[in-house]
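I opened the model to go through its sheets, helix packing and chain contacts. My notes follow in the order in which I looked things up.

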Amino acid sequence: MPLHSEFLVLNAKMGAFGQWEVPLYFTSILDEHEAVRTRSGLFDISHMGEFKVRGRGALAFLQKLLPRDLSRMENGQALYMPMLDENGGVIDDVIVYRSGPQEYFLIVNAGNVDKDSAWVSSHVTEDVHFENLSEHYGLLAFQGPEAALIIERLFGSQYAALRYYRFAPFRDGFISRTGYTGEDGFEICVAKSDVPKLWQDIRAAGQTAPIGFGARDTLRLEAGMLLCGHDMNEDTTPLEAGISWALDLSKPDFIGLAALRKQQSEGVKRKMAGFILKERGIPREGYGIQKNGRIIGKVTSGAPSPTLKENIGLGYIEAAEAVLGSEIEIIIRGRSFKAIITTLPFYKRKKHSS
Amino acid sequence: MNFPKELRYTKTHEWVRRDGKQLTVGITDYAQKEISDVVFVELPKMNQEGKAQKPLAVVESVKAAFDIYSPATGKVHKVNERIESDPGLVNQDCYGDGWFFVIEMAADSDWDALMTSETYEKHLKTGV
């Protein structure tokens with residue numbers, strides 16, 4: 001990882017994330033969380049995967065591979081979506097970037113690079129060229145209400161003017177107005193060799209805090225963003241996970257479509273729900289969810305919310321019980337704690353007109 | 001990191017201060033750094049029976065929940081209610097205001113079995 005020695009100098013508390021050693025926090029998860037919500041924070045997410053798909057058949061290939069309609073994408077536009085298997089199970093969630101009429105980038109989750117690469121390659125057609133560029137590219141996420149001002153000062157107004165889910169070429173890669181925090185911000189994809197200097201430049205330009213993976217998780221959870229491998233996987237479909245907005249079921253064909261249409265007509269048996277604890281207890285992945293003494297689901301993510309000062313969680317619940325406002329119980333160390341099913345996201349930033 | 005000489009330590013990263021039969025228990029500087037921001041504690045009840053090396057309290061950080069093990073067999077004599085309302089004390093002052101509970105040990109051998117600061121530091125470095 002390009003910044004490993006920098007993290008040791010900063011005295012980061014390192015921890016394991018899949019096969020990587022990443023900073024869990026630099027000063028404190030709570031302080032870093034607040035920095036992103038109120039000022040700005042910088043994350044090194046270089047372990048994420050970058051794929052390039054190009055060629056005459058690129059669009060047709062991606063239309064078959066992925067469940068969202070990419071035909072109306074413009075150059076410089078990005079879209080979030082799951083990548084599905086034939087059963088409609090979630091292999092990964094990805095962002096697709098259209099850089100030209102026959103050229104697309106995909107950013108995929110770090111732990112899934114090999115699996116995804118094998119899956120995409122196995123479907124490649126002869127008029128498509130697929131490259132796994134994960135070794136070449138690094139990625140920084142620069143998030144928070146002050147990020148746009150600093151991006152403008154450092155790199156120019158064309159980047160600060162980007163709309164949500166738009167991107168523009170930058171050096172060897174691009175800058176996009178995307179993120180995983182629920183805050184305004186950018187993700188910057190450049191060659192790994194450029195990452196240390198870019199990290200230093202952004203840190204020096206503002207009072208930008210380095211942010212570890214601890215706060216990355218609490219930020220995304222407050223924003224109601226799912227963590228692939230925890231909140232969804234091959235055993236769950238996007239209909240169950242509550243991300244049907246990232247599907248185009250009217251598309252004529254894509255991998256997983258038949259299974260999803262079938263599930264849609266039969267109705268899902270379980271649903272992702274967000275909940276807030278009403279008694280003092282913190283939900284964690286794997287805890288049981290019950291109602292009137294009967295198990296109705298399982299927690300997939302949970303934490304204290306630093307912004308809301310509540311304990312929040314996500315989990316799959318029997319569809320009939322997944323009703324907004326209804327009371328459920330979370331089993332924590334053998335005892336049950338009352339919780340209320342609530343709308344997602346837990347946290348929504350106030351939009352400022354600029 | 002700081003490991004006061006007058007305290008004894010466990011492999012599960014509790015520190016123990018002795019005053020006659022009474023043992024005050026908290027988590028070490030290493031442990032509080034390792035788990036980071038403490039946001040919740042679950043303390044034992046007064047007079048609850050603790051068993052040496054069995055969980056007697058819980059500490060939760062932003063990331064996860066961890067058991068706190070009793071260093072001795074005996075009855076809970078006192079609990080630190082301040083850390084229930086202000087769990088951050090566990091990070092700010094782990095050997096002082098961040099203590100968890102006092103247990104009255106039944107047998108001195110439990111104290112004798114605990115590690116000195118030297119042995120604990122060696123344990124942290126080598127894992128034995």
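In what order do the 5 strands of the open sheet of chain A lie? I read the order as 5-6-7-4-8, with antiparallel pairing. Strands and helices here are DSSP runs numbered from the N terminus, helices being H or I of at least four residues and strands E of at least two. Two strands count as paired if DSSP finds at least two bridges between them.

Before going on, I noted that this is a predicted model, in which local features need pLDDT of at least 70 and side-chain atom pairs count only at pLDDT 80 or more, while totals for chains, interfaces and linings use all residues. Residues are numbered from 1 along each chain as its sequence is written, and chains are lettered from A and ligands numbered from 1 in the order in which they are written.

Angles run from 0 to 180 degrees between N-to-C directions, and axes are lines fitted to C-alpha atoms, for helices over the stretch in contact.

Within this sheet I followed strand 6 (residues 90–100) of chain A, which pairs with strand 7 (residues 103–108) of chain A in the antiparallel sense over 5 bridges. Opposite A:Ile95 I found A:Ile107 in strand 7 of chain A. Helix 3 (residues 58–65) of chain A packs on the sheet and touches strand 4 (49–54), strand 6 and strand 7 of chain A. The direction of helix 3 makes about 130° with that of strand 4 of chain A. Contact between two residues means that their C-beta atoms, placed from the backbone, lie within 7 Å.

**Domains, chain A**

I checked how chain A is divided: domain 1 covers 4–48 + 135–222 and domain 2 covers 49–132. These bounds come from an automatic or database domain assignment. The C-alpha centres of the two domains of chain A lie 24 Å apart. I found 13 residues of domain 1 of chain A in contact with 13 residues of domain 2 of chain A. On the domain 1 side, strand 10 (167–170) and strand 11 (173–176) of chain A are the elements that give two or more residues. That side divides into 8 nonpolar, 4 polar and 1 charged. In this count Ala, Val, Leu, Ile, Met, Phe, Trp, Tyr, Cys and Pro are nonpolar, Asp, Glu, Lys and Arg are charged, and the others, Gly among them, are polar.

Strand 1 (residues 13–17) and strand 2 (residues 20–25) of chain A run antiparallel and are joined by 5 bridges. I located A:Lys13 opposite A:Tyr25 in strand 2 of chain A. The hairpin has 2 residues between the strands, and A:Gly18 takes a positive phi near 60°. I also noted A:Asn11, which is not a glycine but has a positive phi of about 65°; A:Asn11 lies in the loop between helix 1 (4–9) and strand 1 of chain A.

**Closed barrel, chain A**

Which strands make up the closed barrel of chain A? I traced 6 strands in the order 14-17-16-15-18-19, with antiparallel pairing. Here the twist averages 45° from one strand to the next. Strand 15 (residues 288–291) of chain A is joined to strand 16 (residues 294–305) of chain A by 4 bridges, and A:Lys291 has A:Arg294 as its bridge partner. These two strands form a hairpin with 2 residues between them, where A:Asn292 in the turn has a positive phi of about 50°. Strand 15 of chain A is also joined to strand 18 (residues 327–332) of chain A, by 2 bridges, and A:Gln290 stands opposite A:Glu329.

**Helix 8, chain A**

Helix 8 of chain A lies across strand 16 and strand 17 (310–318) of chain A, at about 120° to strand 16. Helix 2 (residues 29–38) of chain A packs on helix 8 (residues 213–222) of chain A at about 55°, with the axes 8 Å apart.

**Chain B against chain A**

Last, I looked up the chain contact: 11 residues of chain B are in contact with 12 residues of chain A. Strand 4 (38–42) and strand 6 (55–61) of chain B each supply at least two residues of the chain B side. That side divides into 6 nonpolar, 1 polar and 4 charged.
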